[in-house]
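Here's a quick briefing to read with the structure open beside you.

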Amino acid sequence: MRLLRFFAGDGSVHLGVRDGDEVLDLGHRSPLEVRPPAQLPVSGRVPAKGLRLDAPIREVPKLLALAGNYRKHIEESGFSMPEQGVLTPQIFWKPSTAINAPGGSIALRENNVFLDWEVELAVVIGRRTSRVAAADAMGCVFGYTVINDISERKFNSRIANRKQREFDPFFDWLNGKWFDGSAPLGPEIVTADEIGDPHDLPIRLWLNGELMQDSNTRHMIFRIPETIAAASAVLTLEPGDVIAMGTPDGVGMARGRALRPGDHLCAEIEGIGALETRITGEASA
């Protein structure tokens, strides 16, 4: 199934299932409540064209993300991959207030110096999971969607006479991923049964119609089962948790191109969908 959330005529948000050019209206419910198609409580059908969408899931207990999960992105960021030894996934956190709707906008703020893009595969967890083995981890996956991990690359760089401590660069990097609206998500959740191999999906991003990122999820260093196993060894994954699986090369920092007002982003993963976002002028305080 392809699940989406849309604004109904009264302004409330309904869950829907895409059925060709139409959407089955399931009313007010979470995408995680959906049963098999024959049992869906359909209240009507609406044309898919022209619907204003919300993020396909908003009740996200944890929004986790991987850093450095594509070799070429690591290299374009100025780092190198170890030639030997065991690697462990680098998992960080974004707040749920970062979630943004498909077709939404992001307003630049006075502390945005170099705002950047990162198209990523997002994994939606379907059941409570703790200390699961990698061999069993895919059974925890509810579905997949697209996320754009919008990132401020030069957070705090305008502060004059700043006395920088040892770990400040790491926290500047981390805080630069926490801005409100910095995680556009969608447009739909495609349930796991509809994706044959999530580790073989073309993944791309366009800026104002120009292709910036062009890769495939087969190039992920840590695959989904290993990532879920590593995360669940530390914390309990809950239904609705989202894990962003890292971005390929082609980001703005490596190109010397920061996002500007008027920019249009289109992040796409084949078989899942295309996620559009616009950058607007500076937000008022």
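This is a predicted model: local features need pLDDT of at least 70, side-chain atom pairs count only at pLDDT 80 or more; totals for chains, interfaces and linings use all residues.

Residues are numbered from 1 along each chain as its sequence is written, and side-chain values use heavy atoms, with hydrogens and water left out. Helices (H or I, at least four residues) and strands (E, at least two) are DSSP runs, numbered from the N terminus.

**The five-stranded sheet**

- Five strands make up an open sheet in the order S9-S19-S18-S15-S16, and the pairing is mixed; two strands pair if DSSP finds at least two bridges between them.
- At the edges sit S9 (105-107) and S16 (210-216), each pairing on one side only.
- From one strand to the next, the twist averages 15 degrees, with axes taken as lines fitted to C-alpha atoms and angles running from 0 to 180 degrees between N-to-C directions.
- S15 (residues 202-207) and S16 run antiparallel, joined by six bridges.
- Across that pairing, Leu207 stands opposite Glu210 in S16.
- The loop between S15 and S16 holds Asn208, which has a positive phi of about 50 degrees although it is not a glycine.
- Asn208 is partly exposed, with a relative accessible area of 43%; on this scale buried means under 20% relative accessible area, exposed over 50%, and partly exposed in between (1.4 Å probe, protein chains only).

**Gly273 in S19**

- Strand S19 (residues 273-280) contains Gly273, which is buried at a relative accessible area of 18%.
- Leaving aside neighbours within four places in sequence, Gly273 is in contact with Arg2, Val146, Pro187, Ala267 and Glu268, where contact means heavy atoms within 4.5 Å.
- Gly273 and Asp214 are 59 residues apart along the chain, and their C-alpha atoms are separated by 15 Å.

**S12 and its partners**

- Eight of the eight residues of S12 (residues 141-148) are buried, so this strand is largely enclosed by the rest of the structure.
- S11 (residues 119-125) pairs with S12 in the antiparallel sense over seven bridges.
- S14 (residues 183-191) also pairs with S12 in the antiparallel sense, over four bridges.
- Tyr144 of S12 is the bridge partner of Val123, and in S14 the bridge partner of Tyr144 is Val190.
- S14 is also where you'll find Pro187, and the peptide bond from Gly186 to Pro187 is cis, with omega near 5 degrees.

**Helix H2**

- Asp168, Asp172 and Leu174 are the buried residues of H2 (residues 168-175).
- Looking down the axis of H2, those buried residues fall within an arc of 165 degrees, so they line one face of the helix; the arc is that of the directions from the helix axis to the C-beta atoms.
- The buried residues of H2 pack against strand S7 (90-94).

**Pocket and cavity**

- Both kinds of void come from a 1 Å grid over the protein atoms alone: a cavity is a set of points where a 1.4 Å probe fits but cannot get out, while a pocket is an open set with protein on both sides within 12 Å along at least five of seven lines, and lining residues have an atom within 4 Å of a point.
- Grid points are joined across faces, edges and corners, and a volume is the space filled by probe spheres set on the points.
- The largest pocket holds about 910 Å³ of space.
- Its lining has 35 residues, of which Ala67, Gly68, Ser77, Phe79 and Trp173 lie nearest the centre of the pocket.
- H2 gives the largest share of that lining, four residues.
- S6 (63-67), H1 (71-76), S7, H2 and H4 (252-255) each supply at least two residues of the pocket lining.
- There is one cavity of 30 Å³ or more, and the largest cavity has about 60 Å³ of space.
- Among the residues lining the largest cavity are Ile106, Ala107, Phe179 and Asp180.

**Exposed loop residues**

- Gly9 lies in the loop between S1 (2-7) and S2 (13-19) and is exposed, at 87% relative accessible area.
- Asn161, in the loop between S13 (151-152) and H2, has a positive phi of about 60 degrees although it is not a glycine.
- Asn161 counts as exposed at 82% relative accessibility.
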